[in-house]
Amino acid sequence: MDQHLKKVTESRIKRTILNLAKNNMNGYHVANTKELKNLLANLVPENASVAVGGSMTLFETGIIDWIREQPYHFFDRYAEGITPAELKQVHRNAFSANAYFCSSNAITERGELYNVDGSGNRVAAISYGPDKVFIILSANKIVKNIEEAVTRNREISAPANNVRLNTGTPCTFTGSCSDCRSEGRICCSYSIIAHQRDKDRIHVIFIDGQYGY
Ligand code: SF4
């Protein structure tokens, strides 16, 4: 990354982490996937039960494979040959997990998390259940405020995910949300995390680079 842009991006991450702290959430900044894994290994003890939300970032950073190699009890939603009934149970197990890993559709500079789900399992687990939630994302997901977060989802996250999942929704073809009522709609449950009562519960980790949508 250009050094001048890097400096601006770092300031933006710093500002967001300061505001996360005001909202009783913890922020971190790592340079690469090696630092990310070292940090997670320090924050999540051996024998912890672990679950994940649907996330391209977790795949792109290698965190899914990394979790599988750790001495954790992994409720693996991506396990080969998993049946719909088993997946339902994995989603339910996530609510009692010690640690939950996912990304976020957007984060505001005010330290708020914005997410939109199809089935709702991820926004539910971020809101309540797992002892600790680890949200991994790159600076391209930082927006000024909730209005920009909504726009980001409508113009980038949701259309890109619809294309990836080949849902056939209007945004798959136009690249922009038209508030569809399609069978394949993935925007069903909307969530804003503005504050936490337990300051040790949510941990947001920024990683340099560009990951996810
Ligand atoms: S509501 Fe429909 S058109 Fe809008 S982003 Fe979601 S799936 Fe696409």
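Reader: How many helices and strands does the secondary structure of the chain come to?
Author: This is a predicted model: local features need pLDDT of at least 70, side-chain atom pairs count only at pLDDT 80 or more, and totals for chains, interfaces and linings use all residues. Residues are numbered from 1 along each chain as its sequence is written. Elements are DSSP runs numbered from the N terminus (helices: H or I, at least four residues; strands: E, at least two). The chain comes to eight helices and 10 strands.

Reader: What is the radius of gyration of the chain, given its 213 residues?
Author: The radius is taken over C-alpha atoms, and the globule rule is 2.2 Å times the number of residues to the power 0.38. For 213 residues, a compact globule would have a value near 17 Å, so the chain agrees with it at 17 Å.

Reader: Are the residues of strand 4 buried or exposed?
Author: A residue is buried if 20 or more other C-beta atoms, placed from the backbone, lie within 10 Å of its own; exposed means 12 or fewer, and partly exposed lies in between. In a regular strand the side chains alternate between the two faces of the sheet. In strand 4 (residues 99-102), Ala 99 and Phe 101 point one way, Tyr 100 and Cys 102 the other way, and all are buried.

Reader: Which residue in strand 7 stands opposite Cys 102?
Author: Strands pair if DSSP finds at least two bridges between them. Strand 4 and strand 7 (residues 132-137) pair in the parallel sense over four bridges. Strand 2 (residues 49-52) also runs parallel to strand 4, joined by three bridges. The residue opposite Cys 102 is Ile 135.

Reader: Which helix gives the most to the shell around the ligand?
Author: The ligand is surrounded by 15 residues, the closest being Ala 158, Cys 171, Cys 177, Cys 180 and Cys 187. Helix 7 (146-165) and helix 8 (170-174) each supply at least two residues of this shell. With four residues, the most comes from helix 7.

Definitions and conventions
A residue is near a molecule or strand if its C-beta atom, placed from the backbone, lies within 6 Å of it.
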